[in-house]
Amino acid sequence: MTDRAWFDAAKGDIPQWAASMPKDADGTTIDWDWVRSLDLAHGVGTIPESTPQSIHDALKADYATRERLESIIAQCNSAFMTDFDRFIGSYRLPRALAYANRRLNDNINTLLHLGEQQHLWAVSRERRGRSTIAVLKPYSGSGPSNDDQGMLDLSGEAGGTSAGNTAAENSDVKFPTTVALDDVQDRTAAILDARAERRKAQRFQKRAGDAAMARANLSGATSPGGAALPGGAAASGNATGHHPKPDWRDAYLPGRDVDAVMGIDIETTGIDPARDYIIDVGFEFMNMASPRPAGEPETYAYEQGYYAAGDAYGQSRLAFGVPPENAALGNALIAKLTGIDVRGRSSEAGYRLFDEWPQAQAGLLARLTQQPYVAHNATFEHSWFMLNVAGYAESYRAGRITIIDTLPMSRQWDPGAVPTNEHPYGDNTLDAYAKRQGALDSAHNERHLGLEDSHIMLVAMKHHLAALKAQRKGPWGSTGRAGVGGKSCGRKR
């Protein structure tokens, strides 16, 4: 298939999903006919006239569409991974929905900014529960909005005319500047909090049921007193005597036979893979035990001149773009964090979008399946690959992908990762971990670019594993894992 024919193929999968996933993440019955009616390739957002009420109504409609889409997307991972009979053959429908949702989110942010330009409201970005949302307040003649997403000046600093200029700005027509705000408030935080509370209640019910069974000696019949948890505190081998509790992330710990790995780090325009874009990918290879392959170039010029390639090889950095609507809005937070200004990364400036570049996705997938890949807080990269890389979800479910995470290595095995009031589980950022393991000196900080962060992560991992082996700790402790370790799915029939 070429171009965007995959959207039609994705819609062709709807019967499979409808049979396996009747409800979304909020327990609402999914209207699959509505999903089938969406123009995923060309946009699901509303383009309004320039009147205040039209802008208000378009924003209200877009918020409603985004809520419906995201509640479906949020349920897809669970449905796909628990489809043990393999009735759902492909993950391309969730990828197509996420593709459309990203453009819809750009449209929402454009409408928010357009409303500010017409003095319909003032926008502030506020942390509410589990997310940061746009809060609309009556316009009061205040200055620029407080906007964690950026909302940079649209005066054309990146070239061209300002996006979002309207008839109201370019004529003598004066529109009323009051519209209702109660029905155009971002409900993301409330939705996520309610969803989390439902999951919490479900976990509580499960624990209560398990405890009741144990008291009835139904489970105790085969494991009196309860079986010891695998990978528990005794398995951590922390040299300080501090033993973190077992954690679900422990499944991503390496085994004692880990060797050739690929370290990877991505930079994005935000934290939500269904709303934001991948703009930078960096990866390199390193052997944790065997010698560096002969014939590989011995030097590589990282952005940081004080980095030495050492045992790393096969370095690569990839730059990707964003749609024109996203570039026009800018992103001050990401520009400050990474140095990447998305205003210069428009697809109109020649940058390819990762979610529109099948060859780039295929090339990355080929590398991800060749050996274990390593990331710091790897569930972040994993969630982005699920909704951006064609074939990744299918390969992961089939057991062809193994993921190792240096975050639980820091948390469980690093003597310096002791709990404090500021860091109840220890300071396990990549910056702190790399400094404790001698991969980054105290005078410098994590760069927040894919390749550079991949490099210090792998150097830290190799130093850490060498120390653990010498101490017979970690993977070499009494309960350490054989093999390469990491998280991978078992094959199902």
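Me: A helix here is a DSSP run of H or I of at least four residues, a strand is a run of E of at least two, and both are numbered from the N terminus. Which helix gives the largest share of the lining of the second largest cavity?

Reply: That helix is α5, with 3 residues. The model is predicted, so local features need pLDDT of at least 70 and side-chain atom pairs pLDDT 80 or more, while totals for chains, interfaces and linings use all residues. Residues are numbered from 1 along each chain as its sequence is written, and side-chain values use heavy atoms, without hydrogens and water.

Me: What makes this space a cavity, and which residues line the second largest cavity?

Reply: A cavity is a set of points on a 1 Å grid over the protein atoms alone where a 1.4 Å probe fits but cannot get out, and lining residues have an atom within 4 Å of a point. There are 2 cavities of 30 Å³ or more.

Me: What makes β5 and β7 edge strands?

Reply: Two strands pair if DSSP finds at least two bridges between them. The open sheet has 5 strands in the order β5-β4-β3-β6-β7, with mixed pairing. β5 (313-319) and β7 (403-405) each have a single partner strand, so one side of each lacks a neighbour in the sheet. From one strand to the next the twist averages 25°.

Me: How do you know that β6 and β7 pair, and in which sense?

Reply: β6 (residues 373-375) and β7 share 3 bridges in the parallel sense, and Ala375 stands opposite Asp405 in β7.

Me: Which strands does helix α16 touch?

Reply: Helix α16 (residues 450-471) packs on the sheet and touches β3, β4, β5, β6 and β7. Its direction makes about 30° with that of β4.

Key: 1 Å grid on protein atoms, 1.4 Å probe; cavity = no way out; pocket = protein on both sides within 12 Å on 5 of 7 lines; lining within 4 Å. Points joined across faces, edges and corners; volume = space filled by probe spheres on them. Axes fitted to C-alpha atoms, helices over the stretch in contact; angles between N-to-C directions. Contact = heavy atoms within 4.5 Å.
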